[in-house]
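I begin with the fold of one chain and then turn to the contact between two chains.

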Amino acid sequence: MSSVVVFLKEAWEILFKDLRLELRRRYEIYAIVIFALLSNLSFGFALGPLNPNVLEFVPAVLWISILFIGMLSFTTVFVREMDKGYIDGLRLAPISPQAIFMGKACYTFILMCVGTVFLIPSSMVLLNYSFHSDYSLVVLVFVLGILNIAVVGSMISALAMYVESRALIIPALSLPLIPGTLVPSILATGKLTAKAQIEAIIPELQLNLAFLLLMVAVLWITFEYVLYD
Amino acid sequence: MKSQPTLAGIFLINLVALYMIFIWAPPEKSLGDFYRVFFIHTPSAWVSYLAFAITFSGSFLYLKTAKPIWDLYASSSAVLGILFSLVTLLTGSIWAKVAWGLYWNWDPRETSTLILFLAYLGYLSFRMAIAERERRARVSAVLGILVFVSVPLSYFSTVFWSTLHPMPLLPTNRLQLAVDPSILLTLAVSTLGVTLLFLWILYLTINMYRLTEAI
């Protein structure tokens, strides 16, 4: 088998392990879905019912909610392995550290996507708005933005597993790193609510893609130092 | 004893810089004497980038060699970078009030510099939260490389997004401020003075930590 196939297979093993564990427990998915619905309600109260200027706030409301959905998953993705003592099993497994990271980042990405799938339609109903652009562009913007947040958040989660006060350190570390992707994602979503075509959001997509490549490159080089003592 | 002439030289250069800033440089056409804060703001911004670049390099070298000295460089430089970026933020706010009317305008450069400041504060608090020395150095080195992403984000923010702030000379290759040559010379001297001051404090800080560890 080629090294790429081996790598993908290893990453899949990690992802499958986490998904199977989560499907058995389910509480993380339930918490994320409940949070997505509650955040819409909270923003609805804050903005006022049937606010005529809701479209101005929707991009920020959605991405702030997605960011906090991410925070819920960052606090568990690697920390759980440390708390339960499984981290040594991961270290000893014949799996490359990069594949472990990729599997964990994909797991975070899937959890965040599940939350977003509930967040966006419910916000369209509760806040009374719709995207006037091609829905494939909406999916593209959200997938790229969520992928960036999942990659950064998984790395922060891996670093935070060595720290005692994890709940405090994870937001303190991830919030200053995430604006690099959050700002272009909010700008692109704002354009999509105003009937924009793909040409209008290309600069934001390029920025997000550059951010993703940069982060993956940094993590590729450094992750083994995080995992192994 | 060797350090005394060096300190005297740095003191002298900074004294000359202060003279040029407050007496020698002429008032600016539109901002009058208020613009003089620029001679502290710009060198502080440059030095904060330099400090964070040293943190990045120290972190990278620690991961490569596992020598504790590189961790010392990384952490000491991060502390000073935070101080200088705080000076950049404060002087930038004063300048913004004079030039744009508000202390805080949510300009991309202002905002990205605040993010940079917070990112490195997070780096320091992360270091404080790990007790074991070798583990702290290793994991912080990874974070030191990761948070460096905020530096190009801050530097190029004026290129990517519409801004009130002047564009950087690199990569735009043009100086947007129409300025008197004496102002440019004053900026060069004050930048040299602040850079040397930073390097001197960094040297002192590293020596202080070395002695503390030896004791």
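Entry 1, elements. I took helices as DSSP runs of H or I with at least four residues, and strands as E runs with at least two, numbered from the N terminus. The model I examined is predicted. Reading from the N terminus on, I noted the order of elements in chain A as α-α-α-α-α-α-α-α-α-α.

I looked up the radius of gyration of chain A and found 18 Å; a compact globule with 229 residues would have one near 17 Å, so the value agrees. Along the principal axes, I found that the C-alpha atoms of chain A fill a box of roughly 55 × 35 × 30 Å.

I asked what share of the 229 residues is buried. The computed figure is 41%. I then turned to contacts in chain A with a separation of 6 or more, and noted that residues 24 or more positions apart account for 86% of them.

I found 20 residues of chain A and 22 residues of chain B in the contact. On the side of chain B that touches chain A, α4 (108–128), α5 (133–146) and α6 (150–160) of chain B each supply at least two residues. I noted that α5(B) gives the most to this side, with 8 residues. By residue class, I recorded 17 nonpolar, 3 polar and 2 charged residues on the side of chain B that touches chain A.

How values were computed: Residues are numbered from 1 along each chain as its sequence is written. Chains are lettered from A and ligands numbered from 1 in the order in which they are written. This is a predicted model: local features need pLDDT of at least 70, side-chain atom pairs count only at pLDDT 80 or more; totals for chains, interfaces and linings use all residues. Two residues are in contact if their C-beta atoms, placed from the backbone, lie within 7 Å. Ala, Val, Leu, Ile, Met, Phe, Trp, Tyr, Cys and Pro count as nonpolar, Asp, Glu, Lys and Arg as charged, and the others, Gly among them, as polar. The radius of gyration is taken over C-alpha atoms; the globule rule is 2.2 Å times the number of residues to the power 0.38. A residue is buried if 20 or more other C-beta atoms lie within 10 Å of its own, exposed if 12 or fewer, and partly exposed in between; C-beta atoms are placed from the backbone.
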